[in-house]
Amino acid sequence: MADAPAWQDQLYDLLRQENITQFSYVPDAGHRILINRSIADPDVHSVSVTTEEEGVALQAGAHLGGARSVLLMQSSGVGNCVNFFSLIQHGRFPFLTFVSMRGDFGEGNPWQFAMGQATQPVLEASGITCVRVDSPEDVIPTAKAACTMAYQSEQAVAVLLTQKLLGAKAFSTGGA
Amino acid sequence: MSKMSSKPGLRTGPEEKVQDGMLERRHAVKTLLGDTSDILIVTGLAGAKDDVLAAAGDVPNAYTLSGAMGAATAMGLGLALAQPKKRVFVVTGEGELLMNVGTLATVGVLNPPNLSIVCVDNERYGETGWQESHTGRGVDMAKMAEGGCIPNVRTVTKESELKDAGQMLRESNGTSFVLVKVAPTDAPSIHRSRDASWHKGRFREALLGSN
């Protein structure tokens, strides 16, 4: 696998500076560095969830207990979360997720388009503010802004890491 | 067409009385929880929420859901990880737990020592017309908890088993799970505010000193 871009490590460092101690995820190539750093970090809980909605409820529980939690997921996982977003919206819980996008710029697997194109509308219909990141130099400033919105203003925020940023996954015509 | 064996038994309402050999849910949950003043509680919706309100009252240290079905156990996990010095109880119905049974695996591999899960199993979807649930048709939530790697699992069907199970929930050094089989009676719903944000603030003020 190619070397990861520098922003991925910088993003993990930022999230730790923001005192996030619970990282939940369904394994995803786009979040590989964040996931692996959380596994290697003895000071955080690295929570491998079986479906992304667990990570939504986990954040609400963490907030009840005074801790900060973040959900790392692929855009397809957003579809798995929808009913649990009602807990975030009605309870006015802070919520932060980083979404690695599929089904947008340069996608080569047609199965990804339905959920990929629905991701932002579904998040916004669920009361979650979306900020998109297309270029490496925007990742850290956007993530900082999202942390402030989520943890100081107690808003629900999704940072969408687009395929312009991540690069589209390469598929041969026989892949996936 | 012949009758399909996969269909549930047709249920039209709750049982009027607790039959001999069955546990009454309010009594069972109250006994399992014991003294609720020093624990944190997250409940699922409907009957499980009412069981806790009946046992503990409408107290700041119990966060009771009225929606987001399936969320209680993962919410309890987030709370247990955030508050390792507090014992966290999750009280949930079998219908709610079935909706997100994978959470048992998420919990099991982490095995937080301060998390205790009570599954109140009346084998019915009582809130929606008493339809038979999967557990009335052979599905065993305790086996699912064991299969999810939760180390301390017990099924309680008798009065004589409640005390030991309550002690396990209170003292085990590893996640514990009690499946309590209860009679499908219609215990009355208990009113409390359904403002989830207000409850959040009350819970945090009591636990953390501020919201």
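This is a predicted model: local features need pLDDT of at least 70, side-chain atom pairs count only at pLDDT 80 or more; totals for chains, interfaces and linings use all residues.
Strand β1 of chain A, residues 20–25, pairs with β2(A), residues 45–48, through four bridges, and the two run parallel. At Y25(A), the residue standing opposite in β2(A) is S48(A). Then there's β3(A), residues 68–74, joined to β1(A) by five bridges, also parallel. Here Y25(A) stands opposite L72(A). How many of the six residues of β1(A) are buried? Five, so to speak, of six, and the strand is mostly covered.

Setting aside neighbours within four places in sequence, I35(A) is in contact with Y25(A), P27(A) and L72(A). Buried or exposed, for I35(A)? Buried, because it has 21 C-beta neighbours inside 10 Å, and the cut-off for that label is 20 or more. One distance for those of you who like them: I35(A) and Y12(A) are 23 residues apart in sequence, and their C-alpha atoms are 9.0 Å apart in space.

Moving along chain A, have a look at T119(A), in helix α6, residues 113–125. T119(A) counts as buried because it has 24 C-beta neighbours inside 10 Å. Which residues does T119(A) touch, if we skip anything up to four places away in sequence? S75(A), V78(A), V99(A) and M101(A). On the other hand, take P5(A): 114 residues from T119(A) along the chain, with 25 Å between the two C-alpha atoms.

Next, helix α7 of chain A, residues 139–152. The helix has 14 residues and spans 19 Å from first C-alpha to last, close to the 20 Å you'd expect at 1.5 Å a residue. The buried residues in α7(A) are V139(A), T142(A), A143(A), A146(A), C147(A) and A150(A). Why are they on the same side of α7(A)? Because they cover an arc of only 140° around the axis. As for what the buried residues pack against, that's α1 (6–17), β4 (95–100), β5 (129–133) and β6 (156–161), in chain A. And after α7(A) comes E154(A), with a positive phi near 55°.

Most residues other than glycine have a negative phi, and most peptide bonds are trans. W130(B) has a positive phi near 65°, and C149(B) has a positive phi near 75°. W130(B) is in the loop between β5 (124–125) and β6 (131–132) of chain B, while C149(B) is in the loop between α6 (141–147) and β7 of chain B. W130(B) comes out as partly exposed because it has 19 other C-beta atoms within 10 Å. C149(B) is partly exposed too, with 15.

Okay, now the two chains together. 27 residues of chain B are in contact with 27 residues of chain A. On the chain B side, α3, α5 (103–110) and α8 (196–208) each supply at least two residues. The largest share, eight residues, comes from α3(B). By type, that side of chain B divides into 16 nonpolar, nine polar and two charged residues.

Last thing, the core. The largest nonpolar core has 110 residues, and those with the most contacts inside it are L87(A), V159(A), L32(B), V118(B) and V180(B). Helix α3(B), residues 72–82, gives the most to this core, with eight residues. And V180(B), leaving out residues up to four places away in sequence, touches L23(B), A28(B), L32(B), V118(B), C119(B), V120(B), D121(B) and V156(B).

Notes:
Residues are numbered from 1 along each chain as its sequence is written. Chains are lettered from A and ligands numbered from 1 in the order in which they are written. A nonpolar core is a set of buried Ala, Val, Leu, Ile, Met, Phe, Trp, Tyr and Cys residues joined through C-beta atoms within 7 Å. A residue is buried if 20 or more other C-beta atoms lie within 10 Å of its own, exposed if 12 or fewer, and partly exposed in between; C-beta atoms are placed from the backbone. Two residues are in contact if their C-beta atoms, placed from the backbone, lie within 7 Å. Ala, Val, Leu, Ile, Met, Phe, Trp, Tyr, Cys and Pro count as nonpolar, Asp, Glu, Lys and Arg as charged, and the others, Gly among them, as polar. The expected span of a helix is 1.5 Å times one less than its number of residues. The arc is that of the directions from the helix axis to the C-beta atoms. Two strands pair if DSSP finds at least two bridges between them.
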